[in-house]
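Here is a friendly tour of some backbone details and charged pairs. Please have the model open as you read.

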Amino acid sequence: MILILDFGSQFTQLIARRVRECHVFSQIARHDLPASKIRAMSGLRGIILSGGPASVYAPGAPQPDPAILDLGVPILGVCYGTQLLAHHLGGKVLPSARREYGKGTLDVKRADSPLFGGLPARLDIWNSHGDQITRLPRGFRVVATSENSGYAAVEHPAKKFFGLQFHPEVSHTPQGKEILENFVLGVCGSTPDWTMGSFIERTCAEVRERVGQDRVILGLSGGVDSSVAAVLLHRAIGDQLTCIFVDNGLLRDGEAAGVRRVIGEHFHVRLKCVDAAPSFLRRLRGVTDPERKRKIIGSEFINVFRDAAKSLARGKKGAKFLAQGTLYPDVIESVPIGGNPASLIKSHHNVGGLPKRLGFELVEPLRQLFKDEVREVGRELGLPREVVERQPFPGPGLAVRILGAVTPERLRVLRAADRIVLDEMKAADWYYRVWQSFAVLLPVRSVGVMGDERTYEDTCAVRVVESQDGMTADWVPLPYDLLGRISSRICNEVRGINRVCYDVSSKPPSTIEWE
């Protein structure tokens, strides 16, 4: 295992992902984790000090426990982490005369450095720092330089301490992964045995040990995370697991049937389906404010889920555990240098506060995984591509893709338009190439002509975006003929729409969803 101490960098999660791409488990912890706790960690092979926005010499700058330097394990500093090594070991760090930000060129001066084994003498790198090392600590030597730094890469061969003034974890450093791999596998001697197959075996054993003979319930949405969690738990404990699928009437066309077919019929997971559409639509009647929609849907979901869980317990022992598809990015928080712990479960769990309100113990079998790893687990478990590579779908469903009031008729119109968008994207081999593609029903009516008659009907917007993580996104320039087919089919086949617009705004300033 490689431990990553987080000093507030926006790229800390990227470091963890790059380490895992080497098939080595990585874990993120807050920057000041005591050395005594680190020493007690099982399988620790090395430590990476992340970057961060502070200056090491500034009052209140985040500092590690100095005792980590005496643990006898290799340490790699990245940007701020490199400056920390210099600062704590007797070197000197000062503000740079010129901020080094963006692309740069690295000239490797020592080909014998284990970090750069097998790599060329000149590399493209990406920088982001305003400070620089002006004097190396005793025992360190220069490994590489850049245009603005004589200490772009440094090392202490005896202690196996290394520092990089640039960011190897970002895609703008094309061979950064190889540098990290040289540290993780070469310097630290880690065994590349972190695979999703081994994860499945280990997780199943851990779940069986914890759950024993007790029962588990899982709120199944039909999305990637909850579907993978359901099949993984079923492999571990079989019929001790029951999934509750709430059809809130706000799902896409055929979604409920797809959940029954894949999870219930194919994998034989115990599945309780609740048709709660009438209660959700009743509570949403006349509501147009997006935030009120979300709160109403979240509150009603808890009520429906609670009643379904109680009904399962009638005449038999109730479930002791609630399972959720919580992922690693939901668990870790990049330390905002205000002291928030790195290992903090966020308040927006997948099923909205159910553990506190219902008294379940929590089981989160995916909490160590990133999204791409969850998809890989799904493939290992045999889930079909339609589930594993399913595009993200908002928790409130179509309610936040209908601007204005949600009614059965407007849901019918949007479902039909959305089905056409998805069908055409898949037929053109575009669906799995983008982050999201969907239709939005606008509260805008316009004049049209159909069959030589005047129409006055609604407008549909089509939204297709590319993204890595949903935090930022850009609109996708789809081929004109594909856009033309989507527009033509919606106008001709969906009664109630006579105009289609394509959303060409990015996030930011817009958001991916319209509400």
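## A first look

Is lysine 320 buried, partly exposed or exposed? Lysine 320 counts as partly exposed, at 36% relative accessibility. For these words, buried means under 20% relative accessible area, exposed means over 50%, and partly exposed lies in between (1.4 Å probe, protein chains only).

The model is predicted, so local features need pLDDT of at least 70 and side-chain atom pairs count only at pLDDT 80 or more, while totals for chains, interfaces and linings use all residues. Residues are numbered from 1 along each chain as its sequence is written, and side-chain values use heavy atoms, with hydrogens and water left out.

## Salt bridges between separate parts

Across the whole structure, a search finds 32 salt bridges. The term stands for a side-chain nitrogen of Lys or Arg within 4 Å of a carboxyl oxygen of Asp or Glu. Lysine 320 takes part in one of them: its partner is glutamate 361, and the closest N and O atoms are 3.7 Å apart. Lysine 320 sits in the loop between helix 9 (290–313) and strand 13 (321–323), and glutamate 361 in strand 14 (residues 361–363), so this pair ties together parts that are 41 residues apart in sequence. Glutamate 361 is also partly exposed, with a relative accessible area of 34%. Helices (H or I, at least four residues) and strands (E, at least two) are DSSP runs, numbered from the N terminus.

Glutamate 21 and lysine 177 make another salt bridge, with 4.0 Å between the closest N and O atoms. Because glutamate 21 belongs to helix 1 and lysine 177 to helix 4 (residues 176–187), the pair ties together parts that are 156 residues apart in sequence. Both ends are partly exposed: glutamate 21 has a relative accessible area of 30%, and lysine 177 has 33% relative accessibility.

Aspartate 481 forms a salt bridge with arginine 485, the closest N and O atoms lying 3.8 Å apart. The two residues share helix 15 (residues 480–493) and are four residues apart, about one turn of the helix. Arginine 485 counts as partly exposed, at 36% relative accessibility.

Which residues join this pair in a network of salt bridges? Glu424, Arg489 and Glu493 are linked with Asp481 and Arg485 in that network.

## Backbone details worth a look

Two cis peptide bonds follow one another in the chain. One joins lysine 507 and proline 508, with omega about -15°, and the other joins proline 508 and proline 509, with omega about 10°. Proline 508 lies in the segment after strand 18 (497–502), and proline 509 has its place in the segment after strand 18 as well.

Histidine 23 is not a glycine, yet it has a positive phi of about 65°. You will find histidine 23 in the loop between helix 1 (12–21) and strand 2 (26–30), partly exposed at 38% relative accessible area. Lysine 160, also not a glycine, has a positive phi of about 60°. Its loop runs between strand 8 (149–156) and strand 9 (161–164), and lysine 160 is partly exposed, with a relative accessible area of 40%.

Cysteine 501 lies in strand 18 and counts as partly exposed, at 35% relative accessibility. Leaving aside neighbours within four places in sequence, cysteine 501 is in contact (heavy atoms within 4.5 Å) with Thr459, Cys460, Ala461 and Val462. Threonine 459 is 42 residues from cysteine 501 in sequence, and their C-alpha atoms are 7.5 Å apart in space.
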